[in-house]
Amino acid sequence: MTASESASNFNLLVRRILHTKAAISGFFILGILTAMTIYALIAVPLDSFSQWNDPGFWIDYPKSAAPSWVNSLQPGSNLPNHIILGLTDAKTQNSSLGGIPTNSFLFNLDFDYNTYPTDFIFDYCLRYGEIPPVIQVDVTRPDGKSFMIYNSPLPSGAQSEDRSSLTEYCSRIFSTDDSIRDNLQLYTNLFDYSPDLSLPQKMIFSQIDEEVVLRGKYQFNITYYLFDTEDKVEDTKVILGGKVYGLMGTDDLRRDLSIGIFWGAPVALFVGLTAAISSVTIGMLYGLLAGYKGGRFDEALMRVNDLVISLPTFVFLVILSITIGSSIYLITLFLVIFGWSGIARVARSLALQIKNLQYVEASKLMGERDIKIILRHILPQLLPLTFASIALAVPAAILAEATLSFIGLGDPSIPTWGSILHDANTASAAARGLWWWILPPGIMIASAGVSFALIGSAIESVTNPRGGGSQSKVRFT
Amino acid sequence: MTDFLFFVAKTTAYRILVVVITVIITLILLGSAMDKLLTDRTRAEVVEAAAQDTIQFKTLSERQDYIDEQISLKTKDLGLDEPWYSPKRFVNTLFEVLTLDLGKSNFFTSDSGSSNVSDIIIERLPKTVLLFTTSTVIVVVIGLFLGTYMAEKRGSALDKSVSFAAVVSNSFATFWVGMLMILLFSFTLDIFPARSTPLTSPGDPFYILDLLYHMILPLITLVLLSFTVWSFVVRYFVSRVLDEDYIQAKRVMGIPKRKILYSHALKNAAPPILTGIVTALIASISGSFIVEAVFDWPGVGKLLYDAIIVMDIPLILGSTYVFTLIYVMTMLIADLLYAYFDPRVKMSS
């Protein structure tokens, strides 16, 4: 067989594999996962990835909110969207009122829902000197009425002589703030009934003649009276608590689940592919070496292999991640330690057959080194098997990592699909009906696994029609 | 017969060796952590005892000296003055673990109030075995019939869909399917309880019934996840036998189809089916461990899950040891059955 002949054979094989239904659907799903990976790397801010387990980062988000598209699923359902308006959404006005520089921020929002917002929060961050600025919040309603709901100075600033050292102060005003209730007290006589002052969001968003939601355009006006030209408003936000949010909703810790799902894709692909490629390569070489060399050497290698196969993998994954560590790299390493043994056994039995073929004997007589014979003459014959084994090992690795994460032994610093399900299970999400917390991560794990399983079985069915079906589908968990 | 007995002895010895090696590696990994744990506990016990003691001390330093002396006495008593890797202590610990003397849990107690790890585990073990064996029996029966039927009707819609489901369900996370079951049957339909820990006390005459009722949902999950894979394994090997000449000859002789299928084909395919099924079974052991955590089934798997959350090392060691035992026992049974069905195995060894 000449080189060009074998190359064209290989091309033919690849073409035949790519024409199977299984391979087409497998690569299609893999394409979606790759697109998610690229999207996560480019568009999702790295902050949200590294801050996944920091509750402070997610405080502006709603707690266990369903995805916002649920409204279109059920006719008549009109749950309020969680609205976060930041500096970029605001109209800024800088003026000077009686010599005092003021910064005002106008936030327009269209409130078109049947139910009240759950609460509201005003976020702000200011840099100021000795004299504390005053913050005032007004709201103008669709019916033209205007309420001044908050007016208060910030805590006094740095007392130092050094004018240049401005202190940065960040805080939040919650709808439960006492002074908001006191301010709203002044407007109760506008209403035909006595509004519930303990729920300011209800009063602000109610019609004056009856207690139902007043729909339409609201305008929040946040004004900062700065007593120094050096003072600066760094950030200001209006947050209106809702019941639905974003593409995939949020969990109990207010995290945006879509970010976890998107970031899960590169993590799972990394673990799956790295573990599968390394363990199949190691297993292949190990088995080929044992089978090719034969004798005592073979026996010793196979004894070790038998032992690794009979060890309870799950126990060792648990113990290793407790004692040595559970970073994503270590977990991948553990998966390799236990993943190579099955393929080694297959490779050995194949090497026993191939080593007696004439061309191998010939190159042996010509004095080629053993390792060279294995790499150059035996391994290429087994390339289809190698690729099939890699593809079929990926789901097992992804599943094993997800299972470790699920029992709470995954990498604690990053979001993985398994750890999202761990959090969901700890919060009894299933019994509480929080389906958006459970469905997406599991579907992602399954589709990542299925895509590789389909590709693997396509390679197997084309290259080895009678296949070792059940042999290669070993799962760790 | 003596041949077979020799084989049984040899296989059992090898599997016991696997258990011992597993425990040795575990002890090496956990050694220093366990040491620290034991020393801390002894110290705490001595301080506690001193606080309740009636002995009067003149000065604080005198009291401290007394406590230090007690601690050193006690650590010497327990052998903690030597490191965990000293041969004497290592062999001792190894023996203790192997005989299920697993020390005390930090956070958990058994129903009877004992905090001995072995007591807690022995109380939980029957429930794990019940769930695991019941699901295994159900799945084996379904797998044998469905798989043989699929082999006979190769290429039919049923064959194709079950084979596809086998490939797909291998990628499904067991715990996820469990959560979906709770979502569907407990939350949406409200048929089964979400938590599988029965509410009646173990002494109640209806406890068993209640337990079985609570077992249905985890059981369905385990069966759903594995019956397609098992059927697929059976189908694969039976269809290989069906292609053989001697089966074709039997067909020509006019032996009824059903008889050929279930007595000749199935019997001849038995050894590889067994290995295939056992591979799947061993894989499903850790799955049933995880299922316990999802459904709150009061078995050893749930215990392990809870122990990991609070990092109760003795309990983690104990539960994983039980897992190892179940795992190795399954493999041993597989070896023996395989040798029984295929005499060549024991001859070659």
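## Helix 8 of chain B

Helix 8 (residues 245–253) of chain B is hardly covered in this predicted model: the count of buried residues among its 9 residues is 0. A residue is buried if 20 or more other C-beta atoms lie within 10 Å of its own, exposed if 12 or fewer, and partly exposed in between, with C-beta atoms placed from the backbone. Helices (H or I, at least four residues) and strands (E, at least two) are DSSP runs, numbered from the N terminus. Gly254(B) follows helix 8 of chain B and has a positive phi, near 90°.

Residues are numbered from 1 along each chain as its sequence is written, and chains are lettered from A and ligands numbered from 1 in the order in which they are written. Because this is a predicted model, local features need pLDDT of at least 70 and side-chain atom pairs count only at pLDDT 80 or more, while totals for chains, interfaces and linings use all residues.

## Domains of chain B

Chain B is divided into domain 1 (2–98) and domain 2 (117–348), with bounds that come from an automatic or database domain assignment. Taken over C-alpha atoms, the centres of domain 1 of chain B and domain 2 of chain B are separated by 37 Å. The contact between them takes 17 residues from domain 1 of chain B and 12 residues from domain 2 of chain B, where two residues are in contact if their C-beta atoms, placed from the backbone, lie within 7 Å.

On the side of domain 1 of chain B that touches domain 2 of chain B, helix 1 of chain B gives the most, with 16 residues. By class, this side of domain 1 of chain B has 11 nonpolar, 4 polar and 2 charged residues. Ala, Val, Leu, Ile, Met, Phe, Trp, Tyr, Cys and Pro count as nonpolar, Asp, Glu, Lys and Arg as charged, and the others, Gly among them, as polar.

## Interface between the chains

Contacts between the chains involve 41 residues of chain B and 40 residues of chain A. Elements that give two or more residues to the side of chain B that touches chain A include helix 1 (2–52), helix 7 (207–242), helix 10 (270–295) and helix 12 (313–341) of chain B. That side of chain B has 30 nonpolar, 11 polar and no charged residues.

## The open sheet of chain A

Chain A holds an open sheet of 5 strands in the order 2-3-8-5-6, with antiparallel pairing. Two strands pair if DSSP finds at least two bridges between them. Strand 2 and strand 6 (146–153) of chain A are the edge strands, each pairing on one side only. From one strand to the next the twist averages 20°, with axes being lines fitted to C-alpha atoms, for helices over the stretch in contact, and angles running from 0 to 180 degrees between N-to-C directions.

Strand 2 of chain A and strand 3 of chain A run antiparallel and are joined by 7 bridges; the bridge partner of Leu97(A) is Ile100(A) in strand 3 of chain A. Their hairpin has 2 residues between the strands, and Gly98(A) takes a positive phi near 60° there. Strand 3 (residues 100–111) of chain A is joined to strand 8 (residues 216–225) of chain A by 10 bridges, again antiparallel. In strand 8 of chain A, Tyr224(A) stands opposite Asn103(A), and Lys217(A) stands opposite Asp110(A).

## Helix 16 and selected residues of chain A

Helix 16 (residues 435–463) of chain A has 29 residues and reaches 42 Å from its first C-alpha to its last, close to the 42 Å expected at 1.5 Å a residue. The expected span of a helix is 1.5 Å times one less than its number of residues. Helix 16 of chain A is mostly covered, with 24 of its 29 residues buried.

Leu87(A) is placed in the loop between strand 1 (83–85) and strand 2 (91–97) of chain A. Leu87(A) is partly exposed because 14 other C-beta atoms lie within 10 Å. Leaving aside its neighbours within four places in sequence, Leu87(A) is in contact with Asp235(A) and Thr236(A). Asp47(A), found in helix 3 (residues 46–50) of chain A, counts as exposed because it has 11 C-beta neighbours inside 10 Å.

Most residues other than glycine have a negative phi. Arg254(A) has a positive phi near 70° and lies in the loop between strand 9 (232–240) and helix 7 (257–293) of chain A. With 18 C-beta neighbours inside 10 Å, Arg254(A) counts as partly exposed. In chain B, Asp296(B) has a positive phi near 65° and lies in the loop between helix 10 and helix 11 of chain B. Asp296(B) counts as buried, with 21 C-beta neighbours inside 10 Å.
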